[in-house]
Structures are given as structure tokens and as C-alpha cells.
Amino acid sequence: IIDGGGTGPVVTIVASGTSFSGFTVRNAGTNPAASASIGLMDVTNCTIQGNTTSDNLFGIALQNADTNTIRENTISGSGLYGIYVGYNANGASTGNTIDDNTITASGLDGIYLDKDSHSNSVINNDILNTVGGLNVDGYPEGNGIYLWKAASATITGNTISGNARYGIEMMGSANNTIT
């Protein structure tokens, strides 16, 4: 068990090729810019597998993180997003595989693919009971999967139910495959 004590990110991975598995990671801080249970920053080819996260703003956050695998994790009670796939000053996150995770009771969205985070695969996840609320721009969220200006994603075989808004919402996104 790795407990963040309510401050900052709990685990931040900054080395490419890292495997992180079998941990319970909980109690990240409340700063939206830096409060993930597990964060991947500027890395490639990492595997995050078989972990449990709770009591955080982001269960797992990828920022400028490419070709990583996020698999078989249990993520509950994230204040904002269960899994956030996005960007930082160095770039967006592309080519990641998010597979066979269970995500429950996220505050805004279960999985959020943010601006310019292209060519990600979201496969066989269970996304249940997002709470919903207003994002930083005052726009209501509460989706199982939300794509904001994200293209060429493959979304297949997911079970999405009991969410405050939509199962899948896309805004400004193109060339995505959903089955």
C-alpha cells in the first residue's frame, strides 16, 4: 500500500520502460495539476497493471506518455477522471492501450482522452456509475468515455453503464472507431 497522505501525486513514473504492478495507491492531493494516484510523465513503453487506486483526483494520468499499457487496474472514487490521457508542455499522449480495467464512481469521466491524444485503444473496460459534475469551464460531464479533440482512437468491447451523462461523448473528435 502506498498512501499519499492527501498531498500531491502519490506515484510518478518518469523512466521509460517501467513496469508497475500489484500496488494499492491511494490518497493523492487535491491540486488538479498534480494529484494522480499513478502518473506517467514524458515516458514510453511502460506497463501499469493489476493496481488498485482510490481517493484521488486522477486514478491514472498520462501526460506526454506514448505507447504505454494500462491493464487490469481497479480504479474507484476519482474526484475527476479514472484514467486521464492528455498532454503537458512537452506534448500529448498517443498510441496507448487501456485494457480490461474496472473504473467506478469517477467524479467527471471514467476515461478522458484529451486534446491531441490520438491513436489510443480503449478495450474491454468496465466503466460504471460516474458521478458527474462541472469541469473547469463549467461544462457538465459524467461520461463513461469522453474524447475531446482526440482522433483515431479505437474503442471496443467496453461495458459502460449507470453514468450521469453519456456512455461515450465526443467533442471535436474525428476518425474514431467504436464497436
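Which residue's side chain does the side chain of D99 join in a polar contact? The partner is R71, at 3.3 Å; a polar contact is a pair of N or O atoms within 3.5 Å, where within protein one must be able to donate a hydrogen and the other to accept it, and residues adjacent in sequence count only if both atoms are side-chain atoms.

Before going on, please note that this is a predicted model, in which local features need pLDDT of at least 70 and side-chain atom pairs count only at pLDDT 80 or more, while totals for chains, interfaces and linings use all residues. Residues are numbered from 1 along each chain as its sequence is written, and side-chain values use heavy atoms, with hydrogens and water left out.

D99 lies in strand β10, and G79 has its place in strand β9. Strands (E, at least two residues) are DSSP runs, numbered from the N terminus. The table sets out how accessible these residues are; buried means under 20% relative accessible area, exposed over 50%, and partly exposed in between (1.4 Å probe, protein chains only).

| Residue | Relative accessible area | Class |
|---|---|---|
| D99 | 15% | buried |
| G79 | 34% | partly exposed |

Contact here means heavy atoms within 4.5 Å. Setting aside residues up to four places away in sequence, G79 touches N56, L57, G107 and L108.

**The open sheet**

Seven strands make an open sheet with parallel pairing, in the order β3-β6-β8-β10-β13-β18-β21. β3 (19-21) and β21 (177-178) stand at its edges with a single partner strand each, so one side of each has no neighbour in the sheet. Two strands pair if DSSP finds at least two bridges between them; β8 (residues 69-71) and β10 (residues 97-99) have three. I70 stands opposite I98 in β10.

**The nonpolar cores**

A nonpolar core is a set of buried Ala, Val, Leu, Ile, Met, Phe, Trp, Tyr and Cys residues joined through side-chain atoms within 4.5 Å. The largest one has 29 residues, of which L40, I60, I83 and I111 touch the most other members. Its largest share, three residues, comes from β9. A second, separate core of 10 residues includes L57, A61, Y81 and Y112.

Key:
Helices (H or I, at least four residues) and strands (E, at least two) are DSSP runs, numbered from the N terminus.
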